[in-house]
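Visitor: Could you take me through one part of this protein up close? I'd like the metal site, please.

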Amino acid sequence: MNLLDIVFPKSCVICKRKGEYLCRRCHKLFKRELPECYVCRRLSNGYRTHEECRDRYSMDSVFVAWEYNSLTSDLLKKYKYGYAYDMSEVLCKFFTESIRSSSYWKMLKDTLVINMPISSSRLKERGFNQTYDLAKRISIEFNLDFSDSLVGKSGGSEHQALKDKEERREISTNSFYIRKEIDISKYRSITIVDDVITTGSTLNAIAKKIRLHYGDSISINAMCMFRGKPVYYSSDSEVSSC
Ligand SMILES: [Zn+2]
Ligand SMILES: [Zn+2]
């Protein structure tokens, strides 16, 4: 325990119990996502994208740990706006546990882990990129290579939620670029780490950029902490991933 923990003791952002930013009791209330295809959201072995759901640039698989619901939405608001740095350690611990307890960890062999890029103006506004920390910790936990410079994001800091659907699609396809030439020949796949996935269009835009640059043969996957229930199961509104 360091001095800061004594002066400002940590407490669970959900139940306020002293100890950690997220206690194990509240974490037990998280609902695990079943392995599904990220495109059609029906069950799929190993979180793989169904053949019939793929197009040329689709992700090969997307692992999602927990369902996004009212409990986790409250937690994520705190995580994204203020506590990201503090909470990253405990969230990463639970995220790692959920990856280990599924068979998905086997897919991580010889993968290059990357984080979700954010634009420099957004970085300035927020102070840091929360998925950078998450991706880096995951790479350390599973002993994998990590890069934060494969893909970059240009553009302003406007919130995606303010744009209409068509505009958003346009922005996400055009705003990613290959930041640095990396020798990816030694990797079997690239794994993008993100906190929340909604439609998957941002992940698709990144996968497309990588494939257009490095060729179609590289396998591209993603690991995300949360995703809302499919719209045909529930009317819960989805959050905009930013
Ligand atoms: Zn708690
Ligand atoms: Zn499918």
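Visitor: Are Cys37 and Cys53 buried or exposed?

Guide: Cys37 is buried, and so is Cys53, where buried means under 20% relative accessible area, exposed over 50% and partly exposed in between, with a 1.4 Å probe and protein chains only. Bear in mind that this is a predicted model, with local features needing pLDDT of at least 70 and side-chain atom pairs counting only at pLDDT 80 or more, while totals for chains, interfaces and linings use all residues. Residues are numbered from 1 along each chain as its sequence is written, chains are lettered from A and ligands numbered from 1 in the order in which they are written, and side-chain values use heavy atoms, leaving out hydrogens and water.

Now the site itself. The zinc ion (ligand 2) has Cys37 (SG), Cys40 (SG), His50 (ND1) and Cys53 (SG) as its protein donors, 2.1 to 2.3 Å away. Donors here are N, O and S atoms within 2.8 Å of the metal (3.2 Å for Na, K and Ca), and since water is not among the atoms, sites may look incomplete. Along the chain, the spacing of these donors reads C-x2-C-x9-H-x2-C. Cys37 and Cys53 both lie in the loop between α2 (24-27) and β1 (61-68), so the pair ties together parts that are 16 residues apart in sequence. Those helix and strand labels are DSSP runs numbered from the N terminus (helices H or I, at least four residues; strands E, at least two).

As for geometry, the four donor atoms subtend angles of 95 to 116° around the zinc ion (ligand 2), which makes the arrangement tetrahedral; for four donors, that label requires all angles to lie between 85 and 135 degrees. The ideal angle for four tetrahedral donors is 109.5 degrees.

Methods. Four donors count as tetrahedral if all angles lie between 85 and 135 degrees; four count as square planar and six as octahedral if opposite donors are over 155 degrees apart and all others between 65 and 115; anything else is irregular.
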